[in-house]
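Subject: Structure for your files

Hello,

Here is the structure I said I would pass on. My notes on it follow below the entry.

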Amino acid sequence: MNAVVDLRSDTVTRPTPAMRDAIARAVVGDDALGDDPTTRALEERVAVLLGKPAAVFFPSGTMANETGLQVLAGPGTEAIMEASCHFFDWEMGGPAALGGIQPHPVAAPDGRLTADLVARAIRPGALLQVRTGAICLENTHNAAGGRVLPLATMAAIRDLADQRGIPIHLDGARLWNASAASGIPEREFAATADTVMVALSKGLGCPVGSLLAGSQELMQRARAVRRRLGGAMRQSGILAAAGLYALDHHRDRLRQDHQRAHDLAAALSGLDGCRVIEPETNIVMIDITRPEIDATMIVTALAQHDVLLSEFTPTRVRAVTHLDVDDHAIQTAAAAFRTVLDELIPPASG
Ligand SMILES: *Cc1c(COP(=O)(O)O)cnc(C)c1O
């Protein structure tokens, strides 16, 4: 079991012994009644990190995203979002089903929306036309391979949004990675958005938890929406303690994950049968370039070598580095990939 190299996602990490100690020592109370000191401490800490007046702890990033969008946009409006973003592809139709908000997907090269693309998508405000209620940004962009949305782009979209009176939600599940890669503090990215979601359960290695940050007024409404969605928790300090621990001990090491993603990409580049997209952060996208092989075949064959990747599209597999993979695991994964390609690609005739 320990020999398995699990690169399916950065969500597969298990709490370290030291994190479990922090969990065991957590001082707790009933957070739905406002009594949990550890949850309060985490919310205050993340609010400061993101430069926002308040933050609210959530059981998942999906719930925090849905809540963030709902406090910004009302039913019968639409939200502009990149066409392969988490909201659109992975939240079970949440904006429409839960918020009555119609997604307006805009495809962008490398998943990077620009002020131009957003400007073209904003509704002019005609009498009989749906209104643009919000703009959603994602940084880093998962489906684009962990790409960083540049701060200048976000600032340009913010200027446009201000001119048009439209609020912005930032899906920052991996905003920590965007900061580690760019050297720009999280709060500078966050300053361009009204509501910001950050996850503890991805690169930071916590078992559970995400936060939503914004103004006092928006976060007060977010608490009500969270309750409506069934997300108000009781002794959540057990989980928040892991978050505080991770902010102290796991944030600075994200650069190692980025280095290992780069090392994996370098080890696979130039192999016959695949094309590796050079990673900016901790996500490596690998396109299968031989028609006789598909992603399912690669993932299945790798699993037989105890290396787990995820199938992203029929011709693309994804590997994500995280706390539980070291340099040796990267070498193991790269060697298995080479072996599998050799097995699957028929030898050239003649
Ligand atoms: C994982 C992820 C989420 C949702 O987080 P969960 O905690 O899994 O619900 C949202 N946005 C992005 C970009 C993600 O990668």
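**The second largest pocket**

The second largest pocket holds about 230 Å³ of space. Please keep in mind throughout that this is a predicted model. The residues lining the second largest pocket are Arg8, Ser9, Thr11, His86, Trp90, Asn142, Arg174, Lys202, Ser310, Glu311, Phe312 and Arg318. By class, that lining has 2 nonpolar, 5 polar and 5 charged residues. At least two lining residues each come from helix H4 (86–90) and strand S12 (310–313), and S12 gives the most, with 3 residues.

**The aromatic pair**

How many aromatic pairs does a search of the whole structure find? There is 1. A pair of aromatic rings is described by the distance of the centres and the angle of the planes. For Trp90 and Phe312 the ring centres are 6.4 Å apart and the planes stand at 50 degrees, so the pair counts as tilted. The pair joins distant parts of the chain, with Trp90 in helix H4 and Phe312 in strand S12, 222 residues apart. Trp90 and Phe312 are also both listed in the lining of the second largest pocket. Trp90 is partly exposed, at 48% relative accessibility.

**Strand S2**

S2 runs antiparallel to strand S8 (residues 210–214), and 5 bridges join the two. In that pairing, Phe58 is opposite Ser210 of S8. Phe58 also has a charged neighbour, as Arg226 lies over the face of its ring at 5.9 Å from the ring centre.

Gly209 belongs to the loop between strand S7 (195–199) and S8. Gly209 is buried, with 2% relative accessibility.

**Cavities**

There are 2 cavities of 30 Å³ or more in the structure.

- The largest cavity holds about 60 Å³ of space. Its lining consists of Glu82, Cys85, Gly111, Arg112, Leu113, Cys136, Leu137, Glu138, His141 and Leu149. Strand S5 (residues 131–138) gives the most to this lining, with 3 residues. The classes are 5 nonpolar, 2 polar and 3 charged.
- The second largest cavity holds about 30 Å³ of space. It is lined by Leu7, Leu264, Leu268, Ile286, Val307, Leu309, Ala319, Ala333 and Phe337. Helix H12 (254–268) and helix H14 (327–344) are the elements that give two or more residues to this lining. What is the make-up of the lining by class? It has 9 nonpolar residues, with no polar and no charged ones.

**Backbone and loops**

- The peptide bond from Asn139 to Thr140 is cis, with omega near 0 degrees. Thr140 is in the loop between S5 and helix H7 (151–164).
- Asp110 has phi near 60 degrees, a positive value in a residue other than glycine. It sits in the loop between strand S4 (102–106) and helix H6 (115–121). At 44% relative accessibility, Asp110 is partly exposed.
- Asp306 also has a positive phi in a residue other than glycine, near 65 degrees. The loop that holds Asp306 lies between H13 and strand S11 (307–308). Its relative accessible area is 38%, and Asp306 is therefore partly exposed.

One more loop residue is Thr289, between strand S10 (283–288) and helix H13 (295–304). Thr289 is partly exposed, with a relative accessible area of 39%. Its C-alpha is separated by 47 Å from the C-alpha of Ser236, which is 53 residues away along the chain.

Regards

Definitions and conventions
Residues are numbered from 1 along each chain as its sequence is written. This is a predicted model: local features need pLDDT of at least 70, side-chain atom pairs count only at pLDDT 80 or more; totals for chains, interfaces and linings use all residues. Side-chain values use heavy atoms; hydrogens and water are left out. On a 1 Å grid over the protein atoms alone, a cavity is a set of points where a 1.4 Å probe fits but cannot get out, and a pocket is an open set with protein on both sides within 12 Å along at least five of seven lines; lining residues have an atom within 4 Å of a point. Grid points are joined across faces, edges and corners, and a volume is the space filled by probe spheres set on the points. Helices (H or I, at least four residues) and strands (E, at least two) are DSSP runs, numbered from the N terminus. Ala, Val, Leu, Ile, Met, Phe, Trp, Tyr, Cys and Pro count as nonpolar, Asp, Glu, Lys and Arg as charged, and the others, Gly among them, as polar. Rings of Phe, Tyr and Trp (its six-membered ring) pair if their centres lie within 6.5 Å; planes under 30 degrees apart count as stacked, over 60 as edge-to-face and the rest as tilted. Buried means under 20% relative accessible area, exposed over 50%, partly exposed in between (1.4 Å probe, protein chains only). A charge sits over a ring if NZ of Lys or CZ of Arg is within 6 Å of the ring centre and within 35 degrees of the ring normal. Two strands pair if DSSP finds at least two bridges between them.
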